[in-house]
Amino acid sequence: MAKTKPAASTAPKTRRPAPLALVKNDAWLAPYEPVLRQRQVRLQARIEEIEQHHGSLAQYATAHQQLGLNHDAARGGYVYREWAPGAEALFLIGDFNGWDRQANPLQRLDFGVWEVFLPDAEYGQRLAHGSRYKVHVVANGQGKDRLPATLRRAVQDEETKDFAGQIWRPETEFAWTDQKFKVAAAVPELLIYEAHVGMATEEGRVGTYREFAESVLPRIAAGGYNVVQLMAVQEHPYYGSFGYHVANLFAASSRFGTPEDLKFLINEAHRLGIAVLLDIVHSHAVKNEAEGLADFDGSGNLYFHKGERGNHPGWDSKLFDYGRDEVQRLLLSNLRFWLEEFHFDGFRFDGVTSMLYHHHGEGVNFVGYDDYFGPGADEDAILYLQLATTLAHQFKKGSLLVAEDMSGLPGLCRPIKEGGVGFDYRLAMGIPDFWIKLLKHTPDENWPLGELWHTLSNRRLGEKTVAYAESHDQALVGDKTLAHWLFDAGIYAHMQAADPDSGAARALALHKLIRLLTLSVGGEAYLTFIGNEFGHPEWVDFPREGNDWSYQFARRQWSLGDNSDLKFHQMGAFDKALVQLAREQHLLAAGPATLLKHDEENKVLAYERGGLVFVVNLNVKESFTDYRFWVTTEGAYHVLLSSDNSRFGGFNRPDEAFEYETFEHQLSLYVPSRVALVLKLVG
C-alpha cells in the first residue's frame with residue numbers, strides 16, 4: 001500500500017507578540033514581561049469596565065460632584081450625600097440648624113450612599129456663604145461629628161481649634177485670564193521651584209496665597225524658574241506636618257487664604273509664564289478621626305485597609321485601599337478637581353515608593369529586579385497609579401506628572417503602552433543624599449570623582465529625571481541646608497562679601513560647584529527649594545511645642561539674598577546665571593552628559609552636554625595653567641559661565657573674554673582651584 005504524506009496543517013501559526021518597548025530597551029526585564037503585560041491587561045479591563053458604567057474615565061472621576069454638599073439649581077436646594085455603608089445613621093449638622101444632631105437625618109440609598117435634600121425655600125438664608133457644617137455619623141451605637149469626605153473648604157476655630165466644613169459660594173466667581181497659557185510652550189524643560197506658601201514670608205507668621213503671588217512669584221520668574229511646585233495645599237490639621245498628613249483631599253488649606261486667593265496665585269503664575277504643580281498626597285492620610293477619614297463609617301476600613309495593613313509603619317498615618325472601586329474613584333476625582341477647579345498643571349506625587357510595595361520600601365535596598373516585580377509589589381496601587389496618569393494626561397493635555405520614588409522602579413516614567421506606569425519624571429533622590437553624605441563624612445581632598453560622576457549620571461535611559469542638590473527633605477529639623485553644612489558657624493560670622501575668610505571662600509565655591517554639577521549632569525529637569533538658591537541658612541522647623549511654637553525657622557529671610565553686600569546675594573546671582581544658561585542653551589533637553597576626562601589625581605572633571613564643554617576643578621589647592629583635555633569638536637571656544645566671576649564671589653582669575661583654540665582636538669585652559677568653566681564653540 002502506497003504511503004501518503006500527511007496533509008499540511010492549515011492552522012495559523014501563533015506568533016509571539018513583539019517585546020514591549022520597555023523590554024526592548026532593557027533585556028534584563030525580559031523575565032518580567034508577563035508581569036508588565038498582565039498590568040496592561042488589568043488596566044485595560046478596568047478602563048473598559050469604567051467606560052461601560054460611566055461613559056469615560058473623566059466622567060468616572062466626578063465623586064466630588066456626586067458626594068458632599070452641592071447646590072442643585074435644578075432641584076432648588078442643597079443635596080448632601082455621603083458614602084458610609086457601615087453607618088447606622090447620618091445627620092447633617094451646622095450653624096444652619098443650631099448644630100442639632102437630630103434635625104436633618106440622611107436617608108440610606110443603594111450601594112451604601114446616604115442623602116438629604118435641603119430646599120432653598122426653607123434653608124436658602126441659613127445655608128449661606130460662610131456657613132459651617134459637619135456630618136454626625138452613628139456607627140456601632142456611637143455618634144461622632146465628622147468632616148464630609150469631599151468637602152471643599154475646612155476652617156479652624158481660633159479658640160477651640162476645632163475644624164468644620166464651610167460653605168463657599170461667593171457672589172462673584174473668580175475670573176480666570178489664563179486661557180492662552182499652554183504648559184508645553186511655557187515649559188520646554190522643567191526648572192522647578194519647590195515652595196511652601198506659609199513659610200514664604202520673612203516675618204514670623206503664616207504667609208498667604210496673595211502674598212506669595214505678589215511677592216514670591218516675581219522672584220521665581222526673575223530667577224529663571226518656569227515651574228512652581230506648591231507644598232501643603234491640601235488641608236492638613238497640623239501645620240508642622242509640612243502638609244504631608246492630609247485630612248481633606250479636596251480643600252485648599254484655609255490657613256493661607258481663600259480658594260479665590262489660591263486661584264489668583266495660579267492665574268498670576270500663568271501670566272508670568274510659570275506652570276504650577278500640586279504636591280499631592282495620595283500615598284497616605286492623617287489618622288485623625290475628627291478631621292480626616294479614618295474609620296468614617298465605623299467599619300474599620302472604608303477608604304483604608306482594615307487592621308494593621310491600614311497603618312503605615314513609619315508615618316503614623318492611614319493607608320488607602322487602592323483595590324476598592326470607591327477609593328479609586330475618590331482619588332481620581334481628586335486629581336480632576338485640582339486640574340479643573342484650580343487650573344493646576346500637574347502633580348508631584350508624594351510617597352510613591354510607599355504605594356508601589358506592600359513593605360512601603362521600609363528596610364528594602366532594591367538590589368535586583370525581583371524586588372520590583374515579586375510578591376512585594378502592590379498591584380492594586382500600581383493599577384491606581386496607571387489610572388491616575390492616564391486620567392491626568394487625558395483631562396489636561398501637557399500636564400506634568402512627577403513621581404517621588406526612591407526604589408528606581410523600571411518603567412515608572414515610561415508610557416503605559418510601553419509597559420510603564422505613565423509618569424513623566426522621577427525625582428533623583430540619591431543625588432541630594434550623596435551630597436550630604438559627602439559633606440558630612442569625606443574631606444574635600446578625598447572626594448571620589450568616579451563615585452560622584454556615577455551618582456549624577458546613573459539613571460534609566462529614556463526615563464526623565466529631576467535632579468536636585470537639596471529639597472525640603474534635606475532642610476528639615478535635625479539636618480540643615482547645604483549652605484549651612486558648608487559655611488557652618490561662618491554663616492553667622494563671615495557672610496560679608498568683602499570678608500576674606502578662607503573657610504567662607506571654600507564654602508561659597510563648593511556651593512556653586514555642587515549646583516552646577518547637579519544641574520548639568522544629574523537629569524532632564526532641575527529643582528531647588530525656596531530660598532536655597534541663595535544659600536538660605538539653618539533648617540526648617542515649623543511651630544510646635546518642642547520649639548515653643550516659634551516661627552523662627554519656618555520663614556524665608558529674603559533680605560539676605562537681596563543684600564548685595566552679602567555672600568548670600570552672590571550665591572543667588574550664580575544660581576540665576578546657571579538657570580539662565582540652562583534655559584538659553586536648552587541644556588536639560590539635550591542627551592546625557594558625556595565624560596571627556598576623569599582626572600582623579602588632580603580632582604578635575606571635563607564633560608560635554610548639549611554642545612557645551614564643562615570643566616570642574618575640585619582640587620582643594622592646585623590651579624592648572626595649561627590643563628589639557630580632548631573635545632569632540634575642534635575650533636575656537638569662549639566662556640559662557642565662570643563660577644570665579646566676581647559677581648558670584650569669585651576672583652576673576654580666568655579671562656572670560658579670551659577665546660581658546662583647539663589643537664589636535666585638545667583644549668588647553670587655565671582652571672583655578674574650586675572653579676568651574678562652561679564653554680561653547682564661537683559662532
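**Briefing: fold and charge pairs of a predicted model**

Among contacts between residues at least 6 apart in sequence, 72% join residues at least 24 apart in this protein. The model is predicted. The protein contains 20 helices and 27 strands.

**Overall form**
- A compact globule of 683 residues would have a radius of gyration near 26 Å, and the 28 Å of the protein agrees with this.
- Along the principal axes, the C-alpha atoms fill a box of roughly 105 × 85 × 45 Å.

**Burial and surface**
- Of the 683 residues, 57% count as buried.
- The accessible surface comes to about 28,300 Å², and 50% of this belongs to carbon and sulfur atoms.

**Charges and salt bridges**
- Side chains of opposite charge can pair when their charged atoms come close.
- The protein carries 68 positive and 90 negative charges, whose mean positions are 6 Å apart.
- The structure holds 41 salt bridges.
- One of them joins the side chains of Asp-145 and Arg-101 at 2.6 Å, N to O. Asp-145 belongs to strand β7 and Arg-101 to the loop between β3 and β4, so this pair ties together parts 44 residues apart in sequence. Asp-145 is partly exposed at 24% relative accessibility, and Arg-101 is partly exposed at 40%.
- Lys-440 and Asp-479 also meet in a salt bridge, at 3.7 Å, N to O. Because Lys-440 lies in helix α13 and Asp-479 in the loop between α15 and α16, the pair links parts 39 residues apart in sequence. Lys-440 is partly exposed, with a relative accessible area of 40%.
- A further salt bridge, of 3.2 Å, N to O, joins Asp-626 and Arg-628. Salt bridges that share partners form one network of Asp-26, Asp-405, Arg-426, Arg-460 and Glu-463.

Technical notes. Residues are numbered from 1 along each chain as its sequence is written. This is a predicted model: local features need pLDDT of at least 70, side-chain atom pairs count only at pLDDT 80 or more; totals for chains, interfaces and linings use all residues. Side-chain values use heavy atoms; hydrogens and water are left out. Helices (H or I, at least four residues) and strands (E, at least two) are DSSP runs, numbered from the N terminus. The radius of gyration is taken over C-alpha atoms; the globule rule is 2.2 Å times the number of residues to the power 0.38. Buried means under 20% relative accessible area, exposed over 50%, partly exposed in between (1.4 Å probe, protein chains only). Contact means heavy atoms within 4.5 Å. Accessible areas come from the Shrake-Rupley method with a 1.4 Å probe; for residues, only the protein chains shown count as cover. Lys and Arg count as positive and Asp and Glu as negative; His and the chain ends are not counted. The place of a charge is taken as NZ of Lys, CZ of Arg, CG of Asp or CD of Glu. A salt bridge is a side-chain nitrogen of Lys or Arg within 4 Å of a carboxyl oxygen of Asp or Glu.
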